[in-house]
Every structure is written in structure tokens, then in C-alpha cells.
Amino acid sequence: MNTSTTSPAHIAIIMDGNGRWAKKRFMPRTVGHVKGASLVPDLVKNCLKKGIRHLTLFAFSTENWSRPDDEVSTLMGLFIQYLEKEIKNMQAEGVRLNVIGDISRFPQALQDSIRQAMANTAGNTSLTLNVAANYGGRWDILQAVQAWQVANPNASVADLAPEQLGHYLSTAGQPEPDLLIRTGGESRISNFMLWQLAYAEFYFTDTLWPDFDAAEFDKALTWFAGRERRFGSVVA
Ligand code: IPE
Ligand code: IPE
Ligand code: MG
């Protein structure tokens, strides 16, 4: 078994702390979201440069609907803007966009933009960018079990093995995250990728997401490089 930690194949990020970043500056929380979203294109470029092939960003959780309406609609608007502005760059850079989550609750225009961006970038192979939107780890596991049952109508759940379920998760076909980064000082995963993070290394930093620049990202990668991964085994 390969226990050496070189470069992570898949990084998952809980981009937290936008609201507090704005509050510290006596500005509305939405300003923090605008600043936070503006970091994503450079982060993607940085991953491409470093040869990281899979990046998953937690943009909106199944629980975030409980926020005030104006904040939810700002987040939807930013998502549409991102798709409109970044599609050209994604094509040029070979980025495949894969939105994971239940998008059926989004406004129709946003659903259409998501489907179109995913179809347009489907053939790109440099990096897969999973944007988790209306995503929850519990939802993902449940929808995988349901999809498995639809694909195997005569099978009993007693026959369902962990490896099989992986084929029906929203990240099917991709390696599981090696590294989870959470900014914003909290030490929890807030219903993110509950299945896929089974053996990820967890990096928590107090840095708020809008301050998470290339130097902060390097710090996380250096920390990851120093981890010894054992996957339940022993290292001689
Ligand atoms: C993360 O920042 C962005 C989303 C959840 C969409 P927050 O908005 O949670 O910022 P804090 O945690 O309140 O500072
Ligand atoms: C997790 O952050 C969700 C995203 C970053 C999209 P939250 O701010 O919603 O998580 P809690 O409420 O602090 O657990
Ligand atoms: Mg938060």
C-alpha cells in the first residue's frame, strides 16, 4: 500500500467565514460572499498549476436555505455570474464543471445555466471542479442508495456493498478527497461529503475564506505533505 503523501489527487474545501469577514469590516454579509467567490478562479488556476486533478468546493449546503432570503438570493446570483463569466476560462484551461447536489430547488434559469455549463465542459480533462450546491452528505448517500435500487430493481439492499455504492454517489468515478480544508475556524464538517471523506486528512484553519490566498493554500499543502497516511494498516 502506498502511504506516502505527495500531492493530493482530490482536495475538498469548506469555504467558511465570508459573513464574519464582512462583519469585521462593518459591511453586510453579502459583501463577504462577493469577495469569497472572487477567489475561486485563482484557486482553480493554482490547482491546475500544481497538477491537482479534482477540486470540490462547498458553495451552498442543504441547511443554508434557512438563511435570510436576501443572502440566499445573493448566493444564487453569484453562482449564475460565476457560470457566465468563467465558462470561457474553464474551456481554455480544460476544466470540467460538475455541480453536485439537488439542483431541482434552484430557480429555473440557474438550473439551465448549470446544465449547459456541465454539458459544454463535459469533455475537459485537466481538472474536475465539483461545485457542491444544495449539497448535503446525507442527501448524497440517500440518493446513491435510491439510484442503486433503480438500477438493480431485483436486488435486495442486503446485497449492497460499499464499493458499489461509490458508483452512485455524486462524485462517482473520481478519487475520494485526500485533503479536506475548512477555513473560518470551525472544527466540523457540517454535512459535507460524509461518505467520501472517510480517509481524508482534515486541515482546519482560522483564516476566513476571503483571506485564503495562494500562500494560505500552500500552507495547507505543506501540512498535508507531512502527514503519514495509514488507511487502517501499519507502517513498517
Ligand atoms: C460560507 O461563509 C459561505 C456559505 C455558507 C455560503 P458563511 O456565510 O458561513 O460565513 P460565516 O461562517 O457566517 O462567517
Ligand atoms: C458550511 O458552512 C457550508 C458552506 C461553506 C457552504 P456553514 O457556515 O453553513 O456551516 P455551520 O452552520 O457553521 O455548521
Ligand atoms: Mg459559516
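A: Happy to! This is a predicted model, in which local features need pLDDT of at least 70, side-chain atom pairs count only at pLDDT 80 or more, and totals for chains, interfaces and linings use all residues. Residues are numbered from 1 along each chain as its sequence is written, ligands are numbered from 1 in the order in which they are written, and side-chain values use heavy atoms, with hydrogens and water left out.

Let's begin with the neighbours. Ligand 1 is surrounded by 13 residues, counting a residue if one of its heavy atoms lies within 4 Å. The closest are Asp16, Gly19, Arg20, Arg29 and Arg67.

Next come the polar contacts, meaning pairs of N or O atoms within 3.5 Å. A polar side-chain atom of Arg67 is 2.7 Å from an oxygen atom of ligand 1. The backbone takes part too: an N or O atom of Gly19 lies 2.9 Å from a ligand oxygen, and a polar backbone atom of Gly17 lies 3.3 Å from an oxygen of ligand 1. Of the 380 Å² of accessible area that ligand 1 has on its own, the protein covers 87%, with areas from the Shrake-Rupley method and a 1.4 Å probe.

Which elements build this shell? Two or more residues each come from α1 (18–24), α2 (29–38) and α4 (69–93), where helices are DSSP runs (H or I, at least four residues) numbered from the N terminus. Helix α1 gives the largest share, 3 residues.

Terms used. A polar contact is a pair of N or O atoms within 3.5 Å; within protein, one must be able to donate a hydrogen and the other to accept it, and residues adjacent in sequence count only if both atoms are side-chain atoms.
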